[in-house]
Amino acid sequence: MSVALAEGNLLDVVDYRGGFRGPDGEVTEVLAGVSFGLRRSTLTAVVGETGSGKSLTALSVLGVQPRGFVRTGGRMLFDGEDLFAGGPRSFERVRGNRISLVFQDARAALNPVFTVGHQLIDVCRAHRRLGRKEAEQVVLDMLERVRIPDPLRRMRQYPHEFSGGMAQRVMLAMALVSEPELLVLDEPTTGLDVTIQADIMDLLVELISSSGLTACLITHDLGVVAQTCQDVVVMRSGTVREIATCEELFTAPRDEYTRDLLAASRLVEAR
Ligand SMILES: Nc1ncnc2c1ncn2[C@@H]1O[C@H](COP(=O)(O)OP(=O)(O)O)[C@@H](O)[C@H]1O
Ligand SMILES: [Mg+2]
């Protein structure tokens, strides 16, 4: 599927292809030409069944593809710059700085031997020229923004003292403390209790709308998509099957596979 490059997107993924090398040395493509764009200050959902290539695409935006992944083609244009053309340096410059990633298992991403405050301050100082005291204040403010109660006390605690939902808020704070332009979230609430999922999604939507952030939310929850996202990308088998506004997708899906997804989620009847 080809997609015209829209003027002014923050990110354009263009015919991105790649896969894993088998024992015979041949690369089996699992991403078979992925193309989509992210409009600025917009929340875009990427949906599709397990194994459709959502996470590989997200990791590629950060330049952190898993070991063994081979890119066989395509471009990744961030704010007009082709990240692959500039080599690993281009990704290093934007990663964690202009682009942040939040993924599913928050506690696995935190270091168990340092306090949460210590880790947040480190990340903050790695990306912004701030003294320790200033960084502490920025972190404290950020923990308040992600609605962690009693943030000063929480900063002195270790990751194991946080529940799954609270740890995910810490990850969100960590992703935002560098003031990124693009936030990529890969199933950020999967595995959390439903009410906690809803709280975190509310928070995300508020943060995105109040900060002008561009965000890409990978999720299999079409209910969340319907409530929160402006644009939707539907993936299947390493390709993009449909790109639509949320409104279009739920009222007039064009692709047969999208219609199946909607029917399976029973959201069509619910609306
Ligand atoms: N490290 C890996 N080694 C081999 N194959 C992988 C690896 N990671 C992902 N894949 C394959 O790539 C495809 C896409 O995976 P992924 O992007 O994780 O899908 P999704 O996030 O949509 O569930 C899957 O078929 C998966 O089996
Ligand atoms: Mg995934």
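1. Ala, Val, Leu, Ile, Met, Phe, Trp, Tyr, Cys and Pro count here as nonpolar, Asp, Glu, Lys and Arg as charged, and the others, Gly among them, as polar. By that scheme the lining of the largest pocket divides into ten nonpolar residues, four polar and one charged.

2. This is a predicted model, in which local features need pLDDT of at least 70 and side-chain atom pairs count only at pLDDT 80 or more, while totals for chains, interfaces and linings use all residues. Residues are numbered from 1 along each chain as its sequence is written, chains are lettered from A and ligands numbered from 1 in the order in which they are written, and side-chain values use heavy atoms, with hydrogens and water left out.

3. On a 1 Å grid over the protein atoms alone, a cavity is a set of points where a 1.4 Å probe fits but cannot get out, and a pocket is an open set with protein on both sides within 12 Å along at least five of seven lines; lining residues have an atom within 4 Å of a point. The largest pocket holds about 270 Å³ of space, a volume being the space filled by probe spheres set on the grid points. It has 15 lining residues, of which G96, S100, L101, M171 and M174 are the closest to its centre.

4. Because domain 1 (1-98 + 182-271) and domain 2 (110-179) both give residues to its lining, the largest pocket lies between them. The domain bounds come from an automatic or database domain assignment.

5. Strand 6 (99-102), helix 4 (116-127) and helix 7 (164-176) each supply at least two residues of the pocket lining. Helices (H or I, at least four residues) and strands (E, at least two) are DSSP runs, numbered from the N terminus.

6. One cavity of 30 Å³ or more is found in the whole structure, and the largest cavity has a volume of about 60 Å³. Its lining divides into nine nonpolar residues, one polar and one charged. Helix 1 gives the largest share of that lining, four residues.

7. Around ligand 1 (heavy atoms within 4 Å) the residues are F20, V30, E49, T50, G51, S52, G53, K54, S55, L56 and P66. Helix 1 again gives the largest share, three residues. K54 is listed both here and in the lining of the largest cavity.

8. An oxygen atom of ligand 1 is 2.7 Å from a polar backbone atom of G51. For S55, an N or O atom in the side chain is 2.8 Å from an oxygen atom of the ligand.

Methods: Polar contact = N/O pair within 3.5 Å; in protein donor to acceptor, adjacent residues only side chain to side chain.
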